[in-house]
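Biologist: Can you walk me through this one? I have not looked at it before.
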Amino acid sequence: MAYLLPTEYAQYGLTADTTDDWITMASSLMEAHCRRTSLLATQYVERMRLTSGAQTVRLSYAVKDAPIVLVTVRVRYGRPRRGEMMDPFREQIAWAFSLPGSWSNLDVTTIDVNPATGELTFPENFLGLNYNEVEITYTAGFVTIPPPIKVACAQIVKNAQSMPSANVKSNKMDTLQMEYFSGSLIDAQVQMLLRPYLAQRIG
């Protein structure tokens, strides 16, 4: 995905001879730096363990200032790990109903979503038991690319074009060539612009 349109090249300070392959490569470097497949709205599936006694998780790929749409949320109770059995009586009730290990779907409208932090808070179960593990299918990312991302994309291209060793006169950009110079192309200014869009974890 290219994060700048040809009609925007001049607006963001790129020269008239800039070709689309520069933008495509810069966009790919940004996605790799942010550890995302795309900064646009993309569907993800995450399975996470919950901290003992907590009913919240933070989505890895939530994007600051971009909407989070929950598609499906599944939860389950697992047998508590060592030191996690807060209430043995409740755990025995869960085992009696064969709850441990079985997945249940939650109504996504009952889950509190904080779009600023990507944190989800789950409702308490009617038995008063905490969930151990969740599987969340959700969409996160931008429908319309915000200016900071466009500026970052243009700056990467400018950095590449200013490097004689990057062979900017070549007709086609080489992927390995761009990856080799990525440390110089994604400079401190670009890193600052992209910091809000970094994925919270890898994987």
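Biologist: How many salt bridges are there?
Modeller: The count comes to four, taking a salt bridge as a side-chain nitrogen of Lys or Arg within 4 Å of a carboxyl oxygen of Asp or Glu. This is a predicted model, where local features need pLDDT of at least 70 and side-chain atom pairs count only at pLDDT 80 or more, while totals for chains, interfaces and linings use all residues. Residues are numbered from 1 along each chain as its sequence is written, and side-chain values use heavy atoms, with hydrogens and water left out.
Biologist: Which residues are linked in a network?
Modeller: R47, R74 and E135 are linked by salt bridges. The side chains of E135 and R47 meet at 2.7 Å, N to O. E135 lies in strand β7 and R47 in strand β1, so this pair ties together parts 88 residues apart in sequence. Strands (E, at least two residues) and helices (H or I, at least four) are DSSP runs, numbered from the N terminus.
Biologist: And R74?
Modeller: The side chains of R74 and E135 form a salt bridge at 3.0 Å, N to O. That pair also links distant parts of the chain, with R74 in strand β3 and E135 in strand β7, 61 residues apart.
Biologist: Is E135 buried or exposed?
Modeller: E135 is buried, at a relative accessible area of 16%. Buried means under 20% relative accessible area, exposed over 50%, and partly exposed in between (1.4 Å probe, protein chains only). R47 is partly exposed at 43%, and R74 is partly exposed at 25%.
Biologist: What does E133 form a salt bridge with?
Modeller: With R76, the closest N and O atoms being 2.9 Å apart. E133 is in strand β7 and R76 in strand β3, 57 residues apart. E133 counts as buried, at 10% relative accessibility.
Biologist: What is the strand order in the sheet?
Modeller: The order is β1-β7-β3-β4, an open sheet of four strands with antiparallel pairing; two strands pair if DSSP finds at least two bridges between them. The edge strands, β1 (42-49) and β4 (103-106), each pair on one side only.
Biologist: How many bridges do β3 and β4 share?
Modeller: Four, in the antiparallel sense, with β3 covering residues 68-76. The bridge partner of R74 in β4 is N105.
Biologist: Changing topic, where is T144?
Modeller: T144 is in the loop between β7 (133-140) and α3. T144 is exposed, with a relative accessible area of 63%. Its C-alpha atom is separated by 9.1 Å from that of A41, 103 residues apart along the chain.
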